[in-house]
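Have the model open beside you and try each task before reading on.

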Amino acid sequence: MESVNDLDSKQQALKPIRTKIAGGEEESGKKPYDIEEEEEEPLSPAARIFHEPNFNVYIIAIMGWKTKMDLQVVKAHFLRTLLKHPRFSSLQVKDDDKGGAMRWVRTKVDLDKHIIMPDLDQKTESADKLVEDYISDLSKTSMDLSKPLWEFHILNIKTSDAESLGVFRIHHSLGDGVSLMSLVLACTRQVSDSEALPTLPVQKSSNPNPVKSGGVWSLIKMVWYTFVDVLMFIATALFLKDTVTPLTRHRKKGVGSGSRRFAYRTVSFDDIKLVKNAMNTTVNDVVMGVSLAGLSQYLNRRYGEAKGEAVATQKKNSIPENIRLRATLLVNIRPSPGIHALADMMEKGTKAKWGNCIGSVLLPFAIALRDDPLDYVRQAKATIDRKKQSQEAGYTFLIVKLVLKLFGIKAAAFLFHRVPNHTTLCFSNIVGPIEEIGFNGHPLAFIAPSCYGQPHGLMVHFQSYTNKMTFILSVDEATIPDPHQLCDDIEESLKLMKDAVIARGIVKENLIK
């Protein structure tokens, strides 16, 4: 078992600037950025955890555009919007005079060091592969702490699904994924109305008040389920590991996170809503069910190939029984700032809530081949309904906070790392705008956010946008060498569910809400 002290001996992936601020100059006399002393704020404990070598996480957001991107237009727009946010115009400075504590220090940003427009081979036979390799190469590098930790890469090359792409790379210490995506969307406007901000669907609370919704019995169930889930979280952090499968990442001690590959696919959101309406479930139930079905098919094939079978068919079951396979769902337990609040902050200088307040939820994935494809949605609904009756995310956050207070940042990072390291994958789903949006005259075709630097060998993320749903896989190349095959399995699983719904006459294909 890896000890907390082992983590301290590893080389830091990000090396903070060590300074003794005096008139904005470093000890060495170098001044890579002009430092403004008047605004200084310590990094939150969660932000500091994301600087630990075993949890050095970056957010990647791939944005497809319907036109070529104009470099000068992007620069001018970022000056009016993104740079107004203090996190995107601040250095993270480690101060030796205060015991090595890190703090935010405002600075003047040189956009030429943050907006990168590489010279790509326009005559390449496979633009999709070129772009995929470029983004994968980003995961092999880290950013320099001598500048604010974000980049925007403009890839002006036509792919199968866009005329050009923009790729955000943002260090996770700048904020949680939902807040950062809201900030990116706050920099856009509706295509039909250049003054109107994007509109997100209204979401119902997934954790209603148990006393109001079901009385004392619901409260008792909530307390019991929370106790069980927290106990499982602690057991997972200490010793309880998932079954070793072809999806299990095998990481050698002392080796970094390794390169990641990002594969994405866009499907019809209407197909997902068709299944949702037919089964009286939620979008979350369907996307988790589709993921469960796709993973089951993929694992069945991998197990079949391991047994030497020439062709692993869908009908022949090669999956071992009683596999324990779980997904870690990282949940922002504090309501994220809305798009309008962030837009006002950038335009009018108002304040908005910000920061990483993250808890964990463990989602069991019952891997199996099922005769009825809709059974995967039923299984997913049962799992999610059960988790809605628990306060697992809030209490796991409190556990990490308590460990941080009692034992320090290294122990908290160790705990934050251990749970994902003992589970198989990370899963998330974020709702996007319901109408088409653009970025200063650049209409958006799709958006596909993900992460790298996390312990999992696989991360599955779903992102809706207008009438589309894009799912993106972030995979460790050594663990999943064929991510596009897994994309095929997930896409085919949705098709089978849609066909099953139509064939049974549960709902007509043209009745989609």
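**Exercise 1.** Is the crossing of H7 and H13 left-handed or right-handed? Work out also how the two helices are oriented and which residues join them.

*Solution.* Bear in mind that this is a predicted model.
- Step 1: The crossing of H7 and H13 is left-handed.
- Step 2: Locate the pair, with H7 spanning residues 269-279 and H13 spanning residues 483-503. Their axes come within 9 Å and cross at roughly 45°.
- Step 3: Angles under 35 degrees count as roughly parallel and 65 to 115 as roughly perpendicular, and H7 and H13 are therefore oblique to each other.
- Step 4: On the H7 side, the contact is made by Asp271, Ile272, Leu274, Val275 and Ala278. H13 contributes Leu494, Met497, Lys498, Val501 and Ile502.
- Step 5: Sorted by class, this contact of H7 with H13 has eight nonpolar, no polar and two charged residues.

**Exercise 2.** At what angle do H10 and H13 pack, and which residues meet?

*Solution.* 
- Step 1: H10 covers residues 374-388, and its axis lies 9 Å from that of H13, at an angle of about 105°.
- Step 2: The range for roughly perpendicular is 65 to 115 degrees, so H10 is roughly perpendicular to H13.
- Step 3: Leu374, Tyr376 and Val377 of H10 meet Met497, Ala500 and Val501 of H13.
- Step 4: The class count for the contact of H10 with H13 is six nonpolar, no polar and no charged residues.

**Exercise 3.** Describe how H11 and H12 pack.

*Solution.* 
- Step 1: H11 (residues 392-407) and H12 (residues 409-421) have axes 7 Å apart, at an angle of about 150°.
- Step 2: Angles over 145 degrees count as roughly antiparallel, which makes H11 roughly antiparallel to H12.
- Step 3: The crossing of H11 and H12 is right-handed.
- Step 4: From H11, Ile399, Val400, Val403, Leu404 and Phe407 meet Ile409, Ala411, Ala412, Leu415 and Phe416 of H12.
- Step 5: These residues divide into ten nonpolar, no polar and no charged.

**Exercise 4.** How many cavities of 30 Å³ or more does the structure hold, and what lines the largest cavity?

*Solution.* 
- Step 1: There are four cavities of 30 Å³ or more.
- Step 2: The largest cavity holds about 60 Å³ of space.
- Step 3: Its lining consists of Met63, Trp65, Phe78, Phe152, Phe168, Val184, Cys187, Thr188 and Phe439.
- Step 4: By class, that lining has eight nonpolar, one polar and no charged residues.

Notes: Residues numbered from 1 in each chain as written. Predicted model: local features only at pLDDT ≥ 70, side-chain atom pairs only at ≥ 80, totals over all residues. Heavy atoms only, no water. Axes fitted to C-alpha atoms, helices over the stretch in contact; angles between N-to-C directions. Helix = DSSP H or I, 4+ residues; strand = E, 2+ residues; numbered from the N terminus. Left-handed = near helix turned anticlockwise from the far one by under 90°. Contact = heavy atoms within 4.5 Å. Nonpolar A, V, L, I, M, F, W, Y, C, P; charged D, E, K, R; others polar. 1 Å grid on protein atoms, 1.4 Å probe; cavity = no way out; pocket = protein on both sides within 12 Å on 5 of 7 lines; lining within 4 Å. Points joined across faces, edges and corners; volume = space filled by probe spheres on them.
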